[in-house]
Amino acid sequence: MAKRVAVIGGGASGLTCIKCCLDEGLEPVCFETSDDIGGLWRFKENPDPDRASIYHSLIINTSKEMMCYSDFPIPAHFPNYMHNSLIMDYFRMYAEHFQLKRHIHFQTKVLHVTPRPDFPHSGQWDVEIESKDGLREKQVFDAVMVCTGHHCHPHLPLKDFPGIDTFKGKYFHSRDYKTPEEWRGKRVVVIGIGNSGGDIAVELSRMAKQVYLSTRKGSWILNRVGDNGLPSDMMFKNRMRGWIIQILPIGFINSVREKQLNKRFDHKLYGLQPAHRVFSQHPMDNDDLPNRILSGTVSVKPNVQEFRGSSVVFEDGTVEDDIDLVVFATGYTFSFPFLSSHVIPVSKNKVSLYKYMYPPALEHPTLAVIGLVQPLGAIMPISEMQARWATRVFKGVYDFLFSDEHNQIYINKYPDTFEFYNGGEQDQRV
């Protein structure tokens with residue numbers, strides 16, 4: 001009898017988990033709270049509570065050559081950088097080709113995932129679900145794959161902005177931004193310089209009278225178009241560069257890359273020079289922001305110090321009056337509300353997982369978190385590789401042996417080979 005695997009979430013990671021389960025002869029049962037696949041990438045005018053939501057114009061920052069699943073190439077006629085609607089088309093083709101939707105229970109919420117009383121022996125889980133008609137049911141699974149991602153709860157730190165309660169304009173989190181038309185001729189402040197903040201500032205600057213982009217610490221700005229007009233991630237991410245990065249000092253690599261980026265535009269001159277090195281934090285991908293700054297339609301500002309009615313005071317002492325809109329592009333927090341805190345403790349938006357996947361305190365590696373990473377690139381191939389590994393562990397092709405508190409050995413049962421990993425320090429998602 002095939003082992004049953006609960007897959008929580010039907011987005012980019014959940015779909016490949018279903019596929020990998022089927023490849024290994026496992027029985028996947030996917031639970032998706034919404035009525036369709038796609039997760040983050042499905043545009044909705046009115047987003048669901050406690051879910052990330054995208055704006056209408058969103059285009060992915062990774063090229064199709066670097067983001068597709070390994071066994072299902074993106075069609076050749078699709079553009080290199082796809083609009084969110086085309087990403088959804090790709091997911092639908094992938095799900096249809098491998099017949100994945102038959103394994104998904106839509107509009108079904110996972111309430112609780114708890115180890116069974118005999119978990120030390122069986123490694124099994126009780127999964128309690130609630131269907132759209134309110135009926136609750138508990139099922140037993142041999143393994144669980146958590147695919148809810150890190151874009152869960154909008155982070156809106158209003159307490160960090162004195163006077164926000166006096167602001168006379170409108171403010172909202174970036175998840176609630178959809179289109180720029182209603183802000184024609186208005187004065188806007190965008191707080192946050194991640195990818196969403198940069199995209200929204202650029203788009204609004206084509207409609208608004210003036211956009212102010214507020215950042216605490218600046219950011220390195222990458223562009224999608226690389227040398228000779230090719231996608232930059234294709235040019236930068238290859239085996240040769242990976243080998244070079246491994247053997248050269250990280251300080252030298254940072255200096256070379258920063259020099260390349262400053263040749264396009266001087267980050268200090270633009271008011272974007274960060275204190276951190278380029279490979280130490282997630283950069284922004286944006287081809288248009290430098291042009292919008294040069295044209296004056298986007299003005300870079302430091303952090304907001306306080307609000308005074310319709311005025312915004314910045315930490316450099318400058319004041320901008322008659323502000324109509326503030327967009328908080330301040331990111332998200334994640335959690336696992338269906339799991340006990342002792343299974344996966346989350347503290348200050350950080351969690352310790354072995355290889356970014358396995359809770360190290362469990363007696364059996366029968367619960368895996370898939371896709372809880374923020375790579376400099378696409379999540380889809382990473383999630384697929386994680387899902388391949390996890391499903392083979394669940395199946396018993398791979399196994400874990402704990403040698404002591406400092407080391408962990410991962411053994412391939414069938415060939416007489418093994419790989420050794422230093423597990424003394426658990427990986428963290430920052």
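## A loop between two strands

Strands here are DSSP runs of type E with at least two residues, numbered from the N terminus. The model is predicted. Where does Asn-303 sit? Its place is the loop between strand 14 (298–301) and strand 15 (304–308).

Asn-303 has a relative accessible area of 13%. The cut-off for buried is under 20%, so Asn-303 counts as buried. Its contacts, leaving out residues up to four places away in sequence, are Phe-161, Ser-214, Thr-215, Arg-216, Phe-314 and Glu-315.

## Helix 1 against helix 3

Two packed helices are described by the angle between their axes and the distance between the axes. Helix 1 spans residues 12–23 and helix 3 spans residues 84–97. Their axes lie 11 Å apart, at an angle of about 15°. That angle falls under 35 degrees, so helix 1 runs roughly parallel to helix 3. The crossing of these two helices is left-handed.

Which residues make the contact? Helix 1 supplies Ala-12, Leu-15, Thr-16 and Lys-19. Helix 3 supplies Phe-91, Tyr-94 and Ala-95. By class, the residues of this contact are five nonpolar, one polar and one charged.

## Helix 1 against helix 10

Helix 1 also packs with helix 10, residues 380–395. The axes of this pair come within 9 Å. They cross at roughly 35°. The hand of the crossing between helix 1 and helix 10 is right-handed, whereas helix 1 and helix 3 cross in the left-handed sense.

On the helix 1 side, the contact uses Ala-12, Ser-13, Thr-16, Cys-17, Cys-20 and Cys-21. On the helix 10 side, it uses Met-380, Ser-383, Glu-384, Ala-387, Arg-388 and Thr-391. The residues of this contact divide into six nonpolar, four polar and two charged. Ala-12 and Thr-16 of helix 1 are in the contact with helix 3 and in the contact with helix 10.

A pair of aromatic rings is described by the distance of the centres and the angle of the planes. How many aromatic pairs does a search of the whole structure find? The search finds 20. One of them joins Phe-72 and Tyr-90. The ring centres of Phe-72 and Tyr-90 are 5.8 Å apart, with 35° between the planes, and the pair is tilted. Phe-72 belongs to the loop between helix 2 (64–67) and helix 3, and Tyr-90 to helix 3. The pair links parts of the chain 18 residues apart. Phe-72 is buried, with a relative accessible area of 13%. Tyr-90 is buried too, at 0%.

Phe-72 also pairs with Tyr-94. Here the centres are 5.9 Å apart and the planes stand at 70°. Edge-to-face means over 60 degrees, so this pair is edge-to-face. Phe-72 and Tyr-94 are both buried.

The rings of Phe-72, Tyr-90 and Tyr-94 belong to one aromatic cluster, which also includes Tyr-69, Phe-91 and Phe-98. Phe-91 and Tyr-94 also take part in the contact with helix 1.

## Leu-86 in helix 3

Is Leu-86 buried or partly exposed? It is partly exposed, with a relative accessible area of 21%. Leu-86 is placed in helix 3. Beyond residues up to four places away in sequence, it touches Phe-78 and Pro-79. Gly-271 is 185 residues away along the chain, and its C-alpha is 35 Å from that of Leu-86.

Tyr-332 is in strand 19, residues 332–333. Its relative accessible area is 16%, so it is buried. Tyr-332 and Cys-152 are 180 residues apart in sequence, yet their C-alpha atoms are 6.2 Å apart. Cys-152 is also one of the contacts of Tyr-332 outside four places in sequence. Others among them are His-150, His-151, His-153, Pro-154 and His-155. The list also includes Ala-52, Ser-53, His-173, Arg-175 and Asn-349.

Asn-254 lies in helix 8, residues 250–264. Its relative accessibility is 5%, and so it counts as buried. Residues up to four places away aside, Asn-254 touches Arg-277, Val-278 and Phe-279.

How values were computed:
Residues numbered from 1 in each chain as written. Predicted model: local features only at pLDDT ≥ 70, side-chain atom pairs only at ≥ 80, totals over all residues. Heavy atoms only, no water. Axes fitted to C-alpha atoms, helices over the stretch in contact; angles between N-to-C directions. Helix = DSSP H or I, 4+ residues; strand = E, 2+ residues; numbered from the N terminus. Parallel < 35°, antiparallel > 145°, perpendicular 65-115°, else oblique. Left-handed = near helix turned anticlockwise from the far one by under 90°. Contact = heavy atoms within 4.5 Å. Nonpolar A, V, L, I, M, F, W, Y, C, P; charged D, E, K, R; others polar. Phe/Tyr/Trp six-rings, centres within 6.5 Å; stacked < 30°, edge-to-face > 60°. Buried < 20%, exposed > 50% of the residue type's maximum accessible area, 1.4 Å probe, protein only.
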